[in-house]
Amino acid sequence: MAQKFARSRLAVGLMSGTSLDAVDAALVRLAGAAEAPRVRLVAFASVRYPPNVRQRILRVAEGKAVPVGEISQLNFLLGELFAEAVFGVCRQAGVSLERLSVIGSHGQTVFHQGFATREGGRNIRSSLQIAEPAVIAERTGVPVVANFRTRDLAAGGQGAPLVPLVDYLLFKDQKMGTVTLNLGGIANVTVIPAGASPKKVLGFDTGPGNMVMDSLVRHFTRGRRTYDTGGRMARRGKVLEDRLNEALRVPFFRQAPPKSAGREQFGEEFVRRFFLGRKRERAEDLLRTANELTARTVTGALRSLTLPGASLGRMIVSGGGAHNRLLLGRIKELLPELEVTLSDIFGIPADAKEAIAFAILADRTLRGLPGNLPAVTGARRAVVLGSICQP
Ligand SMILES: Nc1ncnc2c1ncn2[C@@H]1O[C@H](COP(=O)(O)OP(=O)(O)OP(=O)(O)O)[C@@H](O)[C@H]1O
Ligand SMILES: [Mg+2]
């Protein structure tokens, strides 16, 4: 068995994050031992959600009162869209579906509650990802691993973040301490001290990545634009210090890890509370402030929670926000001691990293290997993640 899996194999990872922008599909070739896999990206495709589908997901993800039938329909509709993303990435690479060993589908998060609440005398945390894996398996004829977060939650973890193990496998270094930063809708970091064992790895969400900025851009352009390309609009504005300082006082930023966040913390309600819905300010100034909020919370978290003693040398950035030059510039200014680069120089394009991660995690699940890091999620133990849908 182990022999069979150690051979080179093709896998697809599917991811759509909190930005609700697109389904990302990464076709990768995996080879080598589980502890040090060799990963090569063969093709990457990003299939945008049709605007009406995005709108429907957003309603659910923002906690609006929607009939359960709507969630059920969306689950199956997204299953079809995720399967189509697999067709797209395989067509692009000229790879037939029969050659795939596994598809790892993160699905679309519509609810995430990483902190426990008391329910009937019990501590309950939960997370719900939709995009029905049975549909993906039926359309593609490939084994599908999905629902990665639930097993970690069941084991007492936050169910997030799950990419830190992959960061560890891909970027650990004997001599140099490394931070990886992913700037999706939410921003998260993985801290890997030089020569660290998995137990010494830290990883957590720092707060908003692009989520607040995107929301402001949609608001001010009436949906014509979905993000601030390169941070150009923000560059024309100035930081509104009062608003920034008020937003920085949100308790999440001071909490010690493990911690994870989503639209529940930094969605429309947060934007209305701290940015809109009172004295009108210039759009550019609000955007600049939101940009600075991301830069300050990412770097602030690293300074206060992890940097002391970790002797870090470099930061490897990924996620769509890596294209925001203003944001990246500010992060570099605030962390002058780190060498900041994009994950692209390691053969992992910034836009593809999270999708690649779920191909790797699915491959581990098929081999019966754990995919969470208990030190990161807070789980009682390392567990094999996901449910498997046979083809
Ligand atoms: N050229 C660009 N300039 C500025 N921002 C960009 C650019 N391209 C993409 N982005 C930002 O990246 C976002 C999408 O990033 P990504 O797909 O990594 O996030 P995600 O879907 O939320 O995933 P996750 O939360 O899991 O990391 C867009 O919504 C936008 O804010
Ligand atoms: Mg995305």
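Select Asp214 and ligand 1: an N or O atom in the side chain of Asp214 is 2.6 Å from an oxygen atom of the ligand, a polar contact (a pair of N or O atoms within 3.5 Å). The model is predicted, with local features needing pLDDT of at least 70 and side-chain atom pairs pLDDT 80 or more, while totals for chains, interfaces and linings use all residues. Residues are numbered from 1 along each chain as its sequence is written, chains are lettered from A and ligands numbered from 1 in the order in which they are written, and side-chain values use heavy atoms, without hydrogens and water.

Next, select Gly230, where a polar backbone atom is 2.8 Å from a nitrogen atom of ligand 1. At Gly17, a backbone N or O atom lies 3.3 Å from an oxygen atom of the ligand. Now show the surroundings: 21 residues surround ligand 1, and the closest are Ser19, Asn182, Gly185, Asp214 and Gly230 (a heavy atom within 4 Å).

Move to residues 163-171, helix α6, and residues 353-366, helix α14. Helices here are DSSP runs (H or I, at least four residues), numbered from the N terminus. The angle between α6 and α14 is about 95°, and their axes are 9 Å apart; axes are lines fitted to C-alpha atoms over the stretch in contact, and angles run from 0 to 180 degrees between N-to-C directions. The two helices are therefore roughly perpendicular (65 to 115 degrees). Among the residues in contact are Phe171 of α6 and Phe358 of α14 (heavy atoms within 4.5 Å).

Finally, select α2 (residues 51-61) and α3 (residues 68-93), which pack at about 135° with axes 11 Å apart.

How values were computed: Parallel < 35°, antiparallel > 145°, perpendicular 65-115°, else oblique. Polar contact = N/O pair within 3.5 Å; in protein donor to acceptor, adjacent residues only side chain to side chain.
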